[in-house]
Amino acid sequence: MKLVKTLLASSALTVAAGAVSAQDMANELTLVSWGGAYQASQVKAYVEPYLEMHPEVSVTWDESSAEAVAKLRAMNEAGNVTWDLVDAVASDSMRLCDEGLAEELNHDEILAAAPDGTSATEDFGELLVSDCFVPQIVYSTTFGYRTDMVGDTPPSSVCDIFDLETYPGKRALQKRPIDNMEWALYCDGVDKDALYDTLGTDEGVERALAKLDTIKDQVVWWTAGAETPQLLADGEVVMGSTFNGRLFSAIAEQNQPIGMLWDMQSFDLDGWVVPAGLPADRHARVMDFLKFATDTQRLADQAAYISYGPARASSAPLVGLHAELGIEMAPHMPTDPANAGNVHVYDYEWWADNRDDLNAKFEAWLAK
Amino acid sequence: MSDMTDTSGPVLAADGTPLKRSLAKALRRQKLRALMLIAPLLLFILVSFILPIGDMLYRSVENKIVVNTLPRSVEALSGWDADSGELPDEAVFAAMAADLKEAYEARAHTRVGSRLNYEYPGISSVFRKSGRSAGRFDLESGGPWKDVLIDLDDGWADQGVWRTIQTYSPPVTSGYFLNAVDMRVGPDGAEMRPEAERIYMNLLVRTLWMSLLITFSCIVLAYPVAWLLANLPTRQANLLMILVLLPFWTSLLVRTSAWKILLQQQGVINDILVWVGLVDDNARLIIINNQFGTIVAMTHILLPFMILPMYSVMQTIPPSYLRAAKSLGATEWTAFWRVYFPQTIPGIGAGSILVFILAIGYYITPALVGGTKGTFISNQIAFHISTSLNWGLASALGAILLAVVLVLYWAYDKIVGIDNVKLG
Amino acid sequence: MAKLPPYATTGQRIWHYTFLVICGLIFFFLIAPIAVVIPLSFNSQNFFTFTKEMLSLDPDGYSLKHYRDFFSNPDWQNAMWNSIKIAPVATVISVSLGTLAAIGLSQPHVPARRAIMAILISPMIVPLIISAAGMYFFYSKINLAGTYWGVVLAHAALGIPFVIITVTATLVGFDRSLTRAAANMGADPVTTFFRVQMPLILPGVISGALFAFITSFDEVVVVIFVGSAKQQTLPWQMFTGLREQISPTILAVATILVAVSIVLLTIVELLRRRSERLRGMSPG
């Protein structure tokens, strides 16, 4: 059934694409993404199907999403934007939009509606956090732990990170203040709703750093998402934070003795951004691809390769089995009710204001 | 050339011109020809290398963004006394409203906001939040702007915001450099940042200190090896030389990855130590992602740069000197310390400066094996270029590092001479 | 030190052998990290340590799978081809401009010689991160960032000091009377250059070229900043791999690169000896 539907959908799209290609469309597409399992899921879910429909198109990947803002700014200064479509986290997309580096999109006009006719705007709902942003997935930064190194009582709360007595050993944390400061305050007894008010004061920052101080000697700081799974697999750390999809692939695909801790995980979005000022032919190609890659079926397909929740409400019921393992994917999604009991939604606005300041304080603290 | 060699007369050249003039002409022509040969490369280096560095240095003081984005406000603010304890008057607010409207249309409002946010946290949201509404300002009849702006965002009622705009309005700023040495512009001029925010001076000191340690380890390890190479018969020395040159020619990344594999907690060294029984399996040594990892890996990587200059100096020291000293009654140690060692100092000096210069600029190896405590100032520069996007600060840090290197380069030129650099 | 004199005392003997052991250990330190990579690249497991099978020399413990991965993985292949496309072109630019300039610099009367030399050598001395930052900003302005030629130019600039140094070194011992003799016998300057000067400085030029080649081939900092995905080179790919997922394929790549450096090293050494021999033969 699903196959028939996919075929129908894609043939409909081919017709639509045929109509567009009346105007010239560039045949080269430079996509920017994160590499690793995530990029692989994009390739399988919609880049390969798209290339099958359009054999004349060739795709170049640039694994530079982490430096998306810096590189786009430099390209924009030069007036020579070589990227066509950029995968970026929500906060970066807002920054790009504010600086005029990303194109403002009319979501209902350029994106496919849900199969039942619901408009794209409604389908994505409040995940459309910026005019320049087409969300793909909901992910979260959460903790994984070595099941064989935590004894009989596996950690159940984010505050177990700070409990060196029950869970001795190294932990891996991301080398940035975001999330870590909030977790530290939360575990120091600050109310969840007051986290940012507290962090806004010098005393609050000191309090968070003092809490982090208690485990500082035991922390391995990571910068790339793949590091924590690797460190866990090698037994170099007993627990560590990373993106939930990375942990899923270590647990389910590579059968590592790793467990998942769903508590106070930090919710975030990732999606597409179109650089501002693309020439007409490249723009036409990007729009054609974007419409295909973010339709209901494609986003649901992506979930068969990685455990990130599709950003469209209409995709959720279509999330099925893992493409190779055949296990049910829904329970592994950060959006699953069983996992989303106590979540932390981080404040984009607040961090945009205080990032530079807190970075400096955090770096100074690290260097101490 | 030919008329110079053909010259035979004491006063006149063959063509009848005075010899002096003819020689001068030949010399000029020679100079010109030499310069013509050098010119293409010089031009190439200037465009592809020196200009980019000049551009970077310029960025470390450039601050045109404020006056370009907010020209009216900057002018109106020039009459405001920041110490008066009062907000600027309506004229300044009206100028800001006009600037904001224009800036929003050019999508420049957040850029100036992020620029000023480096100096005064929180300013970026004032600009971001006001920008959107500013697009709809009716400049003719929308006033009074003081109320409108403060209504939009109460940041406009903060004197610190206005003071920051005023302080950072000149097209050239020392702000980035002050930041790079952990200072800032306070109400009474430049002052040190609070203890908790000082990073860069410590980092620079750490970079210099670790480079010094690395240089010192290189000297200690290179000296015996260079001595052995210089005193072995040529054939054997050439064979052993391969062991020095192979690492020299091997990719930096290959060597760094090798060290990563060796030093990991589950790596080769720890495995061997556990296997031998020197270390308990639960107490494996932590020798990576800290200063130790950086120092070991970088010593290995830079060692050939120390051995080669030492070797070339030691080769020229005749062994008979040592024998003469000993035959005159010196002990082994005295003969070495008083006769041999002083002659090797130029080699040590050349190698040390070279290793030190290379070490303080390292980026890749500290990034891969240094963790948080073993990183260098280069890593912070890279962070500001690609992650925090504070390019002015990155450039200022780069300028400071460059200054240190240039001083050392100058010293190297004085002591060793650039022409005497030898490779292999 | 090579041989112990027969009259050496016991103390001297002990010191002699201790010294040799110390030197042996230092040589071990120099070479072991490189040597460890090679056997591990034939590991049949995805581990970075020696497995039991490997230690007992069981053939099952070894395999070529990491090499197969390197040759079949499009990312690695792409990176390899990019390296192969960039390094030789950068080398040609550095060598042609560098050799001309070195000849110019070796003329007897060059105004501001020291200053010019200092500028030409500076790409070797300025920390890579600074060069990278400057080029990133400046090349962006002139539309070179993220292009093939941008990377090539940047690499050519980095390779130039090596060419200057090696070619100048061969010219230092160059006997000027040879060119004069050639001119005397009626050869024009161009003929003199190609028939007399070139053969003598050729070893220097070639080893300078090899240095320039390896500089570009190994370079990672500048290409990360100046290049874009289309110019992703082998070292860049290795850097990404080391930072993120250390797949054992990196060891296979490392082994291949070690083999490349052995070849280059051998050529440079042979050339150096030939050059010394040639110059020893030349009169003066």
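Chain B and chain A meet through 26 residues of chain B and 26 residues of chain A, where two residues are in contact if their C-beta atoms, placed from the backbone, lie within 7 Å. On the chain B side of this contact, α6 (109–117), α7 (123–134), α11 (200–231) and α19 (377–386) each supply at least two residues. Helices here are DSSP runs of H or I with at least four residues, strands are runs of E with at least two, and both are numbered from the N terminus. By class, the side of chain B that touches chain A has 7 nonpolar, 14 polar and 5 charged residues. In this division, Ala, Val, Leu, Ile, Met, Phe, Trp, Tyr, Cys and Pro are nonpolar, Asp, Glu, Lys and Arg are charged, and the others, Gly among them, are polar.

The model is predicted: local features need pLDDT of at least 70 and side-chain atom pairs count only at pLDDT 80 or more, while totals for chains, interfaces and linings use all residues. Residues are numbered from 1 along each chain as its sequence is written, and chains are lettered from A and ligands numbered from 1 in the order in which they are written.

Chain B also touches chain C, in a contact that takes 77 residues from chain B and 79 residues from chain C. Helix α2 (residues 19–59) of chain B gives the most to the chain B side, with 21 residues. That side of chain B comprises 54 nonpolar, 14 polar and 9 charged residues.

Chain B itself contains 20 helices and 2 strands. Its radius of gyration, taken over C-alpha atoms, is 32 Å, well over the 22 Å that the globule rule (2.2 Å times the number of residues to the power 0.38) gives for 424 residues, so chain B is more spread out than a compact globule. Along the principal axes, the C-alpha atoms of chain B fill a box of roughly 100 × 90 × 35 Å. An automatic or database domain assignment divides chain B into domain 1 (2–59), domain 2 (64–173) and domain 3 (200–420). The C-alpha centres of domain 2 and domain 3 of chain B lie 52 Å apart. Of the contacts in chain B between residues at least 6 apart in sequence, 66% join residues at least 24 apart. Buried residues account for 44% of the 424 residues in chain B; a residue is buried if 20 or more other C-beta atoms lie within 10 Å of its own, exposed if 12 or fewer, and partly exposed in between, with C-beta atoms placed from the backbone.

Chain A is divided into domain 1 (24–138 + 270–332) and domain 2 (142–265 + 339–367). Their centres, taken over C-alpha atoms, are separated by 28 Å. In chain A, 12 residues of domain 1 are in contact with 12 residues of domain 2. On the domain 1 side, α2 (36–53) and α4 (90–98) of chain A each supply at least two residues. The side of domain 1 of chain A that touches domain 2 has 8 nonpolar, 4 polar and no charged residues.

Some loop residues complete the picture. Most residues other than glycine have a negative phi. Asp179(A), however, has a positive phi near 75°. Asp179(A) lies in the loop between β5 (171–174) and α7 (180–187) of chain A, and counts as buried because it has 22 C-beta neighbours inside 10 Å. Asn143(C) has a positive phi near 65° and is found in the loop between α6 (128–141) and α7 (148–172) of chain C. With 14 C-beta neighbours inside 10 Å, Asn143(C) counts as partly exposed.
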